[in-house]
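Let's take a walk through a protein fold together. Have a look at the structure below, and then we will go through it step by step.

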Amino acid sequence: MSRALTVSRAAQLVGVPRAVLQRMIRAGELAQSDGLIDIDALLQAFPDARLEDSGMLEKAVRIREESFGRRVRDFVLPSPELLSQRLFAQSQELAELRRHLQAYHALVAATIECLATRPAPPDLADEARRRLEQGLARVLGSESDNRLEAMTDMLKVVSANVVIRPSGREFLVQGNDSILQAGLKAGLGLNYGCAGGNCGLCKGRLVSGQTRQILHTDYHLSAAERAQGYLLLCAHTAVSDLVIETLEAGSPTDIPEQELVARVRALQRLGPNTMLLHLQAPRSSRLRFLAGQGATLALANRGGDLQATWPIASCPCDDRNLHFHVARDPGSALAERLFAGAVTVGDTLGVHGPRGDFVLGVDVPPRAAFLACDTGFGPVKSLIEHAMAAEAVEHFSLYWLATRPDGHYLDNQCQAWTDAFDEFDYHPALDDDAARGASRVAKRALDDGDPAASRYFIAGPHAFVDAAARGLLDAGAPAHSVRALAC
Ligand code: FES
């Protein structure tokens, strides 16, 4: 018996990013039908995949943990109630499959017997019987198939696959995550507002599958909406694999302007001239943004509001915790206050945003090259974390130029990505002249990959951004492949 898997499930099973399977599908190396991958085809492409190789699953978990640090380290088993619901759903499916299998088996056996006892053209009867017997032997004797199917069934108990329509994007719901949380962690731009069951913005229509409500909601769906299968994605988790109709943000214009008050959770010196500002939004009011965007922060002051617009350095998959890499800048009164210690943990800041269009976009090419200078690493970090979460990029390279020796203030983070992801490479560089250094890193980025299959994201001071963009474009990189943010 042969079964088909979604791309997410197949990637989870053989322990590779989804982007790798998608590249193989595009290259014709892996067959896909109706969006599904046949287990036989998967086994042909990954003949070494075995149930006993539990390292596959561990590797996937380790990659996720190491790439995001502590913030989304919540790979936990689902609650006992959810597990028992999933086991029940699995046992129902298993019983149904058994019933079908027995019926088919009986049919094949009867056909073989009939061919052996009834008169028929000898060649045709022999050929038909031989094929049926070979088919039966393959089904009953396919050890690795059975093992992969056992692994698939086990994964179905600990996680559920969700396919979003009309985009066709898919993700896995793990642990006790709501459908919304799981989608955001997977890098989707799902519509939402409060994430707490109050606003109704995360409404989606359940096309197929079973869900379970995990959050009390104040927002009331009408009887007509409920009858059509509408539910709040922030308040439900998946019991079985799901298909859901809902809208996603594809570009910055799809996200409304928001305003909230966040509390300073931490202030940490990352270097002599670099400060990590960590803000935490209230549970019921978070900032929805796309990776690479920024926000305007305002500090109430006796002389009026001090304001600054800075890129967000964290991933939208963790929308409550907003990180900013703030450079010491005599021209910014707010930055000066931070470095002077006039803002402390527990203080509140107004947050307006999101700002800017320095985003990954939906038509991501196979390779993404990130060119950053000094704190230009902040928005690039957000993009990289998002790309890793979405598994949307096959290969990504980071070229980080520092204009002072202590400028690679999160070097360990970059090394951890290099260790965890085969598809990521990191090239630190040092030059006290940002424009000169930009030309060097642009040349290196061009030499390392085919410009026609690459997209370049440049962030940093004006001198760096201008020189790097010029270097890329002069060398023939297509204009649409270069995105830049001066910050
Ligand atoms: S995000 Fe507000 S109700 Fe779900």
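A residue counts as buried if 20 or more other C-beta atoms lie within 10 Å of its own C-beta. In this predicted model, buried residues account for 38% of the protein's 487 residues. The chain is built from 14 helices and 21 strands. Look also at which parts of the chain touch: of the contacts between residues at least 6 apart in sequence, 73% link residues at least 24 apart.

Now turn to an open sheet of five strands. Reading across, their order is β5-β4-β10-β6-β8, and the pairing is mixed. At the edges stand β5 (170–174) and β8 (230–232); each has a single partner strand, so one side of each has no neighbour in the sheet. From one strand to the next, the twist averages 40°. Within this sheet, β4 (residues 159–165) and β10 (residues 242–245) run parallel and are joined by four bridges. Helix α1 (residues 7–14) lies across β4 and β5, running at about 60° to β5.

Next comes an open sheet of six strands, with antiparallel pairing and the order β14-β13-β16-β11-β12-β15. Here β14 (306–311) and β15 (321–327) are the edge strands, each with a single partner, so one side of each is left without a neighbour in the sheet. The twist in this sheet averages 35° from one strand to the next. Follow β14 to its partner β13 (residues 294–299): the two pair in the antiparallel sense over six bridges. Among the residues involved, G294 has P311 in β14 as its bridge partner.

How values were computed: Residues are numbered from 1 along each chain as its sequence is written. This is a predicted model: local features need pLDDT of at least 70, side-chain atom pairs count only at pLDDT 80 or more; totals for chains, interfaces and linings use all residues. Two strands pair if DSSP finds at least two bridges between them. Axes are lines fitted to C-alpha atoms, for helices over the stretch in contact, and angles run from 0 to 180 degrees between N-to-C directions. Two residues are in contact if their C-beta atoms, placed from the backbone, lie within 7 Å. A residue is buried if 20 or more other C-beta atoms lie within 10 Å of its own, exposed if 12 or fewer, and partly exposed in between; C-beta atoms are placed from the backbone.
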